[in-house]
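Visitor: Could you walk me through this structure, beginning with the whole chain and then one residue?

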Amino acid sequence: MEAFSVEIVTPIKILNQESVKYIRCPGIDGSFGIMKKHREGVFALDIGEIKIETNSETEWYSTSGGFVEIGSDKVELLLESVERSNEIDVKRATEALERAKDRKKNSTDQIDNIRLEASLSRALNRLKVSKK
């Protein structure tokens, strides 16, 4: 199986991964996988998990969304945030989940509810990915 490279760019860091065999991303319309010789394109990403498989390991990342550009030999992800599963602060994610739940109980503003749903989704995703 042929390999390609992956570059993950956020406002605060850049991660590079070589010899990638497969990557799965959380698209706006559902998850999708990428392998070598995938059709080129740009896709929007949602809150979710990113799975990256190389010859030797599988890594899981939590993201709050962004974009992916698929090229012939490289996949570039431009993300709002990304955390490797073993780097997620579970205590902080749990506290964020509890804060969002508490705010949701007391919220009456529609716009605030949309922001609260996004906060809940991000916290739940981080906790889910931290277990991988």
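Guide: What follows goes from the overall fold to a single side chain.
This is a predicted model, in which local features need pLDDT of at least 70, side-chain atom pairs count only at pLDDT 80 or more, and totals for chains, interfaces and linings use all residues. Residues are numbered from 1 along each chain as its sequence is written, and side-chain values use heavy atoms, with hydrogens and water left out.

Visitor: How many helices and strands does the protein chain have?
Guide: There are 2 helices and 9 strands in the protein chain, counted as DSSP runs numbered from the N terminus (helices H or I, at least four residues; strands E, at least two). Their order along the sequence is β-β-β-β-β-β-β-β-β-α-α.

Visitor: And what does the C-alpha trace span?
Guide: Along its principal axes, the C-alpha trace of the protein chain covers about 50 × 25 × 25 Å.

Visitor: Switching to Gln 17, where does it lie?
Guide: Gln 17 belongs to strand 2, which runs over residues 14–27.

Visitor: Buried or exposed?
Guide: Gln 17 is buried, because its relative accessible area is 17%, and buried means under 20%, exposed over 50% and partly exposed in between (1.4 Å probe, protein chains only).

Visitor: Which residues does Gln 17 touch?
Guide: Leaving aside residues up to four places away in sequence, Gln 17 touches Phe 4, Ser 5, Val 6, Ile 52, Thr 54, Glu 59 and Tyr 61, where contact means heavy atoms within 4.5 Å.

Visitor: Back to the whole chain, what share of the residues is buried?
Guide: Of the 132 residues in the protein chain, 39% are buried.
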